[in-house]
Amino acid sequence: MKELVVLSGKGGTGKTSIAASFAALAKRAVLADCDVDAADLFLLLDVKRLHEEKFYSGILPHIVQENCSHCGKCYHLCPSDAITQKTESGIMHYEIQDLSCEGCGICIDHCPQNCIQESERFCGYIYLSQSQYGTLSHAKLLPGGENSGKLVSAVRKQAQIFANANQLDWIIVDGSPGIGCPVISSITGADLVLLVAEPTISGIHDMNRVISVCQFFHIPVLVCVNKADLNEDNTNRIKSIVLERNETWLGTIPYDEMVTTSQNKGVPVVTIPASKAGKEIITIWEKISHI
Amino acid sequence: MRIAIASGKGGTGKTTVTVSLSLAIQELTKKPVTILDCDVEEPNAHIFLSLPKKQLETATIQSCSFDTETCTGCGRCSDACRFNAIAVVKKKPIFFSDMCHGCGGCILACPENAITGTQREIGTVISGDVQENPSIDLHYGLLNVGEIMAPPLIESVLAKEHTDSITIIDSPPGTSCPMVQAVRTSDYVILVTEPTAFGLNDLKIAVETVRLLQIPFSVIINREGIGDDRVHRFCQQENIEILTEIPQSRNVAILYSKGQTAWKKEQDFTKAVQKAGTLLVERFHL
Amino acid sequence: MRIAFCVQNDKGVDSTIDSRFGRSPGFLVYDTDDESTTYFTNAQNLSAPQGAGIQSAQTIAAQNVQAVVAHNCGPKAYQVLLQAGIEVYMSQDTIVKEAVQKFKNGELEKAASSNVPGHW
């Protein structure tokens, strides 16, 4: 079994369209959408939900107002400025702003009245769904949710357990943009990363940073360029950077409006026979499946 | 005035809007404009605006150092740390600095005062005046590779705001902690989206987030013409203002690929951005 | 000698071994001298935002054990166990008594390092 993570650094390069296409092409695969902030893979796979679970991470403090002496210690100690003073009908009280709270617990530990309680922080949902192209592990992070890194780990774990139990060949992971916490969580321990680059100056800048992160964690990188014909000079530059940095070059995918059409229809682009992009994605998948 | 440019989905055109809208607003108001690129994982605004003179500043977060002489190994620091960055075994602390959020809870908890705050480097803040328009200054953060603590670096970039200037923030994509950190202290948010299935799905989550933060907002539809009217219908239903629509154009995309904005180069693009700029200037008396 | 296992439930030596180190529901300590077992929960650690492995290692270290048998162990947990002077053995067995038997027969190999990369 191999775990392939599709990444891009920059957003909007076509990661999800490509991951959904791989789902349609791979025979024995489970899918994991680790872009939990903007989980779009399910939109292309016509899914039926099998299982849903609430996801908790970290803690959330809560001031029991009746017992509060308004000493203001929590307000002064909070390193995230998450505690605010509010005055309602002439009476001042303190409130914790959930979205700003990091869950360090300092307010709880240092309240002289012991009137700040902690509860587990509800951060979102983790789902297991069925699609015609295989089972999908995915999640929804609540708006402003903390810790997408841990949620990413949970989504991957669910996919890994499913893949092991059913002796599948592939785990295909749709990663998130950037190089930070959720990306690190999606790649640690994976077998391969497919980097979907874009032939733009920003795309090259971002790609270089993602390659550095993958090399930091010792994961081999395969690179393809999407919308390659938009700027062929940049596409060639990407190819030489990839070879210089000792990673694997896979090829190019042309700009194709059918990618948007397929997205709005809710199907993977490889299922549209006339799509130029679809044809190249098939070639790239064949190369990956022989690695 | 702090205006944040955000989006649920990446790649919808946040940076394009940030850069061109800043140029438009500066031109309309003749006042100084500050761009804060808070997408510290993948900052891009500096690609479209050149900084002839760059100032580099190391960004740090609080970390801690243990005085093993005074430490009695009582383990209260480990109990206090909700991020599990400290283990105490055989009466000796082991500290994992990459897990530390810099809250200082351990320092407060230590009965022997054996822990002192130190600084740990997480990235760099780069600043400079923009060559294309010296009334604009740009500041961006560059997160160190392998580092997970993006929010404190975002805070360091936000600290570059100055009061006599109109501030435009290029926010990180998504709706989790980095986006909230970048947006939460803004006076106004513009959500950039595309008229596609992904665009709409991610816009809905971004709208939910901005509503939770109770910040007034509107939407800019980028690459209008590539998809359908689902985003328009959603905005109408939800009573959300569409500030402007930027038409899809291959030329704009090609200019972008070369690291240039279409501002003052493509007429339809420029008009669409000017429309948004004028609306904002009039509404907020910028 | 006291040996710790990451377990899903408390059924003495018939307990099921959990493949997770940081987020296993509980730990079982087996004493080779009197063949007794003691269970303790890891509940306080299950919703930790990060670093669950570090806390598990610290919890185990506090139980005065000399060895840990686990499916997996990450680099940070390994470092904590190392400092605590606890030996780490890798085994893929699913029931505690099977792993105990192998341990007694000297069939388990001592781990010289962590076997899985760190993760969040």
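Biologist: What makes Lys160(B) and Glu57(B) a salt bridge?

Modeller: In this predicted model, the closest N and O atoms of Lys160(B) and Glu57(B) are 2.7 Å apart, and since a salt bridge needs a Lys or Arg side-chain nitrogen within 4 Å of an Asp or Glu carboxyl oxygen, the pair is therefore counted as one. The two residues belong to distant parts of the chain, 103 residues apart, with Lys160(B) in the loop between helix 5 (150-158) and strand 8 (166-170) of chain B and Glu57(B) in strand 3 (residues 55-66) of chain B.

Biologist: Asp93(C) forms a salt bridge with Lys102(C); why is Asp93(C) called buried or exposed?

Modeller: The closest N and O atoms of Asp93(C) and Lys102(C) are 2.9 Å apart, and because Asp93(C) has a relative accessible area of 9%, under the 20% limit, Asp93(C) is buried. Lys102(C), at 32% relative accessibility, counts as partly exposed.

Biologist: Which residues do salt bridges that share partners join into one network?

Modeller: Asp109(A), Glu118(A) and Arg82(B) form that network, and the side chains of Glu118(A) and Arg82(B) meet at 3.1 Å, N to O.

Biologist: What makes up the contact between chain A and chain B?

Modeller: Chain A contributes 63 residues and chain B 59 residues, and the area buried between them is about 4700 Å², of which carbon and sulfur atoms give 55%. Asp37(A), Pro143(A) and Arg209(A) supply 13% of the area that chain A buries against chain B, more than any other three residues.

Biologist: Which element of chain A gives the most to the side that touches chain B?

Modeller: The count of residue pairs in polar contact between the two chains is 28. Among the elements that give two or more residues to the side of chain A are helix 1 (15-25) and helix 6 (201-216), and helix 6 gives the most, with nine residues.

Biologist: What holds a charged pair between domain 1 and domain 2 of chain B?

Modeller: The count there is one salt bridge, and the side chains of Glu147(B) and Arg120(B) meet at 2.8 Å, N to O, so the pair lies within the 4 Å limit. The area buried between the two domains is about 420 Å²; in domain 1, Asn144(B), Glu147(B) and Met149(B) lose the most, together 74% of what that side buries.

Technical notes:
Residues are numbered from 1 along each chain as its sequence is written. Chains are lettered from A and ligands numbered from 1 in the order in which they are written. This is a predicted model: local features need pLDDT of at least 70, side-chain atom pairs count only at pLDDT 80 or more; totals for chains, interfaces and linings use all residues. Side-chain values use heavy atoms; hydrogens and water are left out. Contact means heavy atoms within 4.5 Å. Buried area is the accessible area (1.4 Å probe) that two parts lose on being put together, summed over both. A polar contact is a pair of N or O atoms within 3.5 Å; within protein, one must be able to donate a hydrogen and the other to accept it, and residues adjacent in sequence count only if both atoms are side-chain atoms. Helices (H or I, at least four residues) and strands (E, at least two) are DSSP runs, numbered from the N terminus. Buried means under 20% relative accessible area, exposed over 50%, partly exposed in between (1.4 Å probe, protein chains only).
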